[in-house]
Amino acid sequence: MEKLNYEVLKKSGYDGYILERAPEKVLQFGEGNFLRAFVDYWFDLSNERAGWNGKCVLVQPIASGLAEYINSQEGLYTLYLRGVERGEKVDRKRVISSVSRCLNPYEKAGFEAMMEVAISEDLEYVVSNTTEAGIVYDPACQLSDAPCASFPGKLTQVLYHRWKAGRKGLVVLSCELIDNNGKELLKCVNQYVDQWGLEEGFRGYVNKECTFCSTLVDRIVPGRIRDEEEVRRLEEQNGYRDELMDVGEVFGVWNIEGPAWLSEKLPFQKAGVNCVVVPDVTPYKKRKVRILNGAHTGFVLGAYLGGLDIVRDCMENDTVRSFMNKMLYEEVIPTLPLDKKNLEDFAAAVQDRFNNPFVDHELMSISLNSTSKWRARNMPSFLEYVRQTGRLPACLTMSFAAYIAFFSQDIQTLTEKGLVCRRPKGNEYLCSDDRWVLEFYYAHRDDREEDLVHAVMTNREMWGQDLTQITGFEAATVENLKKIRIQGSIATYADCL
């Protein structure tokens, strides 16, 4: 079977939208599954729906990457968006044609090509997703490197070359999963301006003529299809071989922190995709962390003790699903600063996302580092609810008891890999968290419920405060923990309803 390219695609009979040639308007650092299922997909829709007429040039952020595969397919790849939308199962296929080529800057020709794109009159945007470790200042980088090892170093080289050529400033859209990603990237670039002794005119160009945007991305991208039989079936169906086949969930949202004019400049609004330009992305970060991530941490530990193994099973269990929704709609959403309809729509999408029939998201994988997760994701909603109402939120209070139950359920031993506990249904499981957390629970393995809860709540290293000072919280947690151990976590979740 022939490998995907424009000629092979035509012969295959594909009748979807394709744009073979267009100006290269985006320089994208990162060529992995996420950006291709998210950013490049949206630019592809913008070509079709908004007449954007642009292409993305991808750059490998590290020496090993996908450039050879991408170029051999002329930038084309098949994207499947799968999941549940408004309760209906969705499986959409689209061949993406918004990518022109991929450069390997660690080769001389690739570095030179990157610098040629840097001074192009067509270039408007820089997009990046170089992992959380990508936005770092490395003082070993020098302007003369070809290229700099760090992504901020490469970006400084690109912008400096562009400035010297007299070209207009660029919009920089950072997608790395760190807080204030755009601001942190700009900070690194300014450090290189200082270190390399570059002109003040260039500093002004970077800080005034270029627009560095912090952004929040949200789409689950499983990436490559692992089942070889399914890959063969899809390739037979498509009529070509595709080494870059990509899979993402249907849901996607991109919140971009930037000036008002950017909303008009970007093609996404006209294309009707879920992208909002806002003056401050912080409320949207809170929305994601407290609703999406907070839902996970809020129900999975008790659900696992109750015999469930994957997230989809939880959504098919009436008690667990109802527990999650009560927690979100009655206890979390009222504490958040965005429009209530906006928040409720986001929460409704969360249930669809968790019920994705194409993704087996294991509860044990979500359980990693649950102590810091509960503190970051659930505790702010809990404390704000108490502050606003003077009452304890029933479901969030229960989720804290389930957290303690998970880390203290029939403790067997402490190993180098983690804390070994035994589930009520009989199998052992491994709690993974900071070592000091695991040692704490192991040391308290023989405590009565009252003593264990008191020790957990007064541990300031865990929570940054003494939680026993919250009226009624300690007594409620002791009661909930006892009920979980006597009647099981699912029945105890039901008591909250």
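Q: Where is Pro393 found?
A: Look at the loop between helix H17 (370-389) and H18, which holds Pro393. Helices are DSSP runs of H or I with at least four residues, strands are E runs of at least two, and both are numbered from the N terminus. Keep in mind that this is a predicted model, in which local features need pLDDT of at least 70 and side-chain atom pairs count only at pLDDT 80 or more, while totals for chains, interfaces and linings use all residues. Residues are numbered from 1 along each chain as its sequence is written, and side-chain values use heavy atoms, leaving out hydrogens and water.

Q: Is Pro393 buried or exposed?
A: We read this from the relative accessible area: buried means under 20%, exposed over 50%, and partly exposed in between (1.4 Å probe, protein chains only). Pro393 has a relative accessible area of 0%, so it is buried.

Q: Which residues does Pro393 touch?
A: A contact means heavy atoms within 4.5 Å. Not counting residues up to four places away in sequence, Pro393 touches Glu331, Phe382, Tyr385 and Val386.

Q: In what sense do S6 and S7 pair?
A: Two strands pair if DSSP finds at least two bridges between them. S6 and S7 have four bridges and run in the parallel sense, with Val127 opposite Leu173 in S7. Strand S7 (residues 171-174) also pairs with S8 in the parallel sense, again over four bridges, and here Val171 stands opposite Thr211 in S8.

Q: Which strand pairs with S8 in the antiparallel sense?
A: That is strand S10 (residues 253-257), joined to S8 over four bridges. Val217 stands opposite Trp254 in S10.

Q: Which residues lie on each side of S8?
A: In a regular strand the side chains alternate between the two faces of the sheet. For S8, Thr211, Cys213, Thr215 and Val217 are on one side, Phe212, Ser214, Leu216 and Asp218 are on the other, and all of them are buried. S7 also has both faces covered: Val171 and Leu173 on one side and Val172 and Ser174 on the other are all buried.

Q: How many residues are in the largest nonpolar core?
A: In soluble globular proteins, nonpolar side chains tend to be buried together. A nonpolar core is a set of buried Ala, Val, Leu, Ile, Met, Phe, Trp, Tyr and Cys residues joined through side-chain atoms within 4.5 Å. The largest core has 76 residues, and Ile291, Phe299, Phe400, Tyr403, Tyr441 and Val456 touch the most other members. Helix H18 (residues 394-408) gives the most to this core, with 11 residues. A second, separate core of 39 residues includes Ile96, Val99, Val217 and Val273.

Q: Which residues are in contact with Phe299?
A: Setting aside neighbours within four places in sequence, the contacts of Phe299 include Val311, Cys314, Met315, Phe354 and Tyr493.

Q: Which residues does Thr477 touch?
A: Thr477 lies in helix H22 (residues 473-487) and is buried, because its relative accessibility is 0%. Beyond residues up to four places away in sequence, Thr477 touches Thr397, Phe400, Ala401, Ile404, Val453 and Met457.

Q: How many residues of helix H3 are buried?
A: H3 (residues 39-50) is mostly covered, with 10 of its 12 residues buried. Among them are Trp42, Phe43 and Leu45. Just after H3, Gly51 takes a positive phi of about 60°.

Q: How many helices and strands does the protein have?
A: There are 23 helices and 14 strands. Of the 497 residues, 55% count as buried. The C-alpha trace spans about 70 × 55 × 45 Å along its principal axes.
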